[in-house]
Amino acid sequence: AKFLSIESNPITLARAIMSDQRRHPEAKGDLTMILSSLMLACKFVSNAVRKAGIASLIGISGSSNVQGEQQKPLDILANDIFINSLKYCNKIAALASEEETGIYIIDNPDEAKYVIAFDPLDGSSNIDVNVSIGSIFAIWKRPDYSKPVVLEDFLRTGAEVEVSGYCIYGSSTQLVIATKEGKVDCFTLDNSIGDFILTHPNLRIPKKGNIYSVNEGNSHFWDKSMKEYVNLVKTPQDDNTYSLRYVGSMVSDVHRTLLYGGIFLYPADKKSPNGKLRVLYEVFPMSFIVEAAGGKATDGRRRLLDIKAHDIHQRSPCILGSPDDVDTIVAIYAKND
Ligand code: AHM
Ligand code: MG
């Protein structure tokens with residue numbers, strides 16, 4: 001007989017979301033359907049990202065491929081994949097994408113209770129140099145789903161998010177999902193079976209870390225408190241030395257912060273008075289995940305999840321990570337204001 005060491009009872013994402021639904025007998029399975037669609041979209045995008053490097057070698061780059069089909073930049077392709085996948089689950093009334101100018105209303109046969117905001121491929125300037133990138137999303141329940149969907153369905157706070165997550169296309173593909181019950185799970189794509197497997201259940205961010213992550217090239221343009229904070233973490237102390245790690249791909253920088261602890265900062269500066277990151281597609285989903293894992297997220301002065309969006313593409317400064325590290329910078333802002 002041959003003996004194989006293979007996990008015969010893995011918890012797949014499909015199994016996890018089905019058992020979640022069983023725990024909530026009142027639930028109609030809408031979120032289960034939406035998450036299944038997102039899981040499929042992430043697998044498709046992962047596959048496209050993995051092929052991107054070789055595509056130019058085998059002659060399918062440029063404006064059309066060998067079959068004469070129009071080629072699309074990867075971020076536009078990812079946007080199409082997300083839209084198509086979400087359209088057919090019939091549970092999403094409208095979506096807002098970083099790649100779309102306005103909201104995208106889906107013509108549903110039934111009342112759809114949810115709206116979703118996503119960045120289909122964040123950090124896309126990193127694609128050509130083979131650096132990890134990701135997709136980010138947040139889902140809200142519509143306040144009144146008997147009415148036609150309107151822009152206001154998206155102009156909400158981050159605290160009202162039902163579920164949010166990101167998928168990182170790194171050395172492996174991992175999907176991290178946070179629910180409003182405060183549970184964060186990380187699933188890793190097993191390419192051999194084509195399914196996401198629960199590899200990091202109940203993620204909790206370390207209380208304090210020793211990594212800071214920021215584009216320090218902008219430091220000249222920062223406000224006094226930002227400068228003071230970064231100087232502080234760079235000043236050697238007996239029990240405390242911080243390392244700087246900055247990928248420049250939010251999903252990677254936040255993923256590391258979640259697992260190893262520390263702080264990620266994209267502050268406002270003189271060039272970008274509202275920072276760079278988008279509230280709906282980046283700031284809310286990531287803040288929601290970090291808080292659900294026991295971390296904190298602030299713009300320096302207020303909790304990010306308390307912002308109420310007034311524009312789907314609005315930006316905000318974003319500071320998030322281990323609670324002790326975030327508390328330190330919040331105290332500096334309070335002292336200097
Ligand atoms: P994008 O949505 O155009 O890809 O930009 C967002 C990305 C984030 O992933 C990352 O945190 C940030 O831009 C990096 O910006 P910078 O190059 O200014 O440091
Ligand atoms: Mg982006």
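Two strands count as paired if DSSP finds at least two bridges between them. Helices (H or I, at least four residues) and strands (E, at least two) are DSSP runs, numbered from the N terminus. With that in hand, welcome to this predicted model, where local features need pLDDT of at least 70, side-chain atom pairs count only at pLDDT 80 or more, and totals for chains, interfaces and linings use all residues. Residues are numbered from 1 along each chain as its sequence is written, while chains are lettered from A and ligands numbered from 1 in the order in which they are written.

**The hairpin of β7 and β8**
- Strands β7 (residues 184–190) and β8 (residues 195–200) run antiparallel and are joined by five bridges.
- Across this pairing, Leu189 stands opposite Phe196 in β8.
- Four residues lie between the two strands of the hairpin, and Gly194 takes a positive phi near 70° there.

- An open sheet with mixed pairing is built from five strands, in the order β10-β9-β11-β13-β12.
- Because β10 (243–244) and β12 (296–298) stand at the edges with a single partner strand each, one side of each has no neighbour in the sheet.
- Inside the sheet, β11 (residues 263–266) and β13 (residues 318–321) pair in the antiparallel sense over four bridges, and Ile263 has Gly321 in β13 as its bridge partner.
- Helix α5 (residues 250–260) packs on the sheet and touches β9 (211–213), β11 and β13, its direction making about 150° with that of β11. Here, contact means C-beta atoms, placed from the backbone, within 7 Å; axes are lines fitted to C-alpha atoms, for helices over the stretch in contact, and angles run from 0 to 180 degrees between N-to-C directions.
- Helix α6 (residues 279–292) lies across β12 and β13, at about 25° to β13.
- Just after α6, Gly294 takes a positive phi of about 100°.

**Burial and the nonpolar core**
- A residue is buried if 20 or more other C-beta atoms lie within 10 Å of its own, exposed if 12 or fewer, and partly exposed in between, with C-beta atoms placed from the backbone.
- A nonpolar core is a set of buried Ala, Val, Leu, Ile, Met, Phe, Trp, Tyr and Cys residues joined through C-beta atoms within 7 Å.
- The largest such core has 92 residues, of which Ile92, Val115, Ile116 and Leu280 touch the most other members. Its largest share, 10 residues, comes from α6.
- Since 14 of the 14 residues of α6 are buried, this helix is largely enclosed by the rest of the structure.

**Around ligand 1**
- There are 13 residues around ligand 1, and Asp122, Gly123, Asn215, Gly248 and Met250 come nearest; a residue is near if its C-beta atom, placed from the backbone, lies within 6 Å.
- Both β3 (114–122) and α5 supply at least two residues of this shell.

**Loop residues to look up**
- Glu162 is found in the loop between β4 (133–141) and β5 (163–169), and with 17 other C-beta atoms within 10 Å, Glu162 is partly exposed.
- The C-alpha atoms of Glu162 and Phe288 are separated by 9.4 Å, although the two residues are 126 apart along the chain.
- Asn90 has a positive phi of about 65° although it is not a glycine; its place is in the loop between α3 (74–87) and β1 (92–97).
- Asn202, also not a glycine, has a positive phi of about 50° and belongs to the loop between β8 and β9. Asn202 counts as exposed, with 11 C-beta neighbours inside 10 Å.

How values were computed
Two residues are in contact if their C-beta atoms, placed from the backbone, lie within 7 Å.
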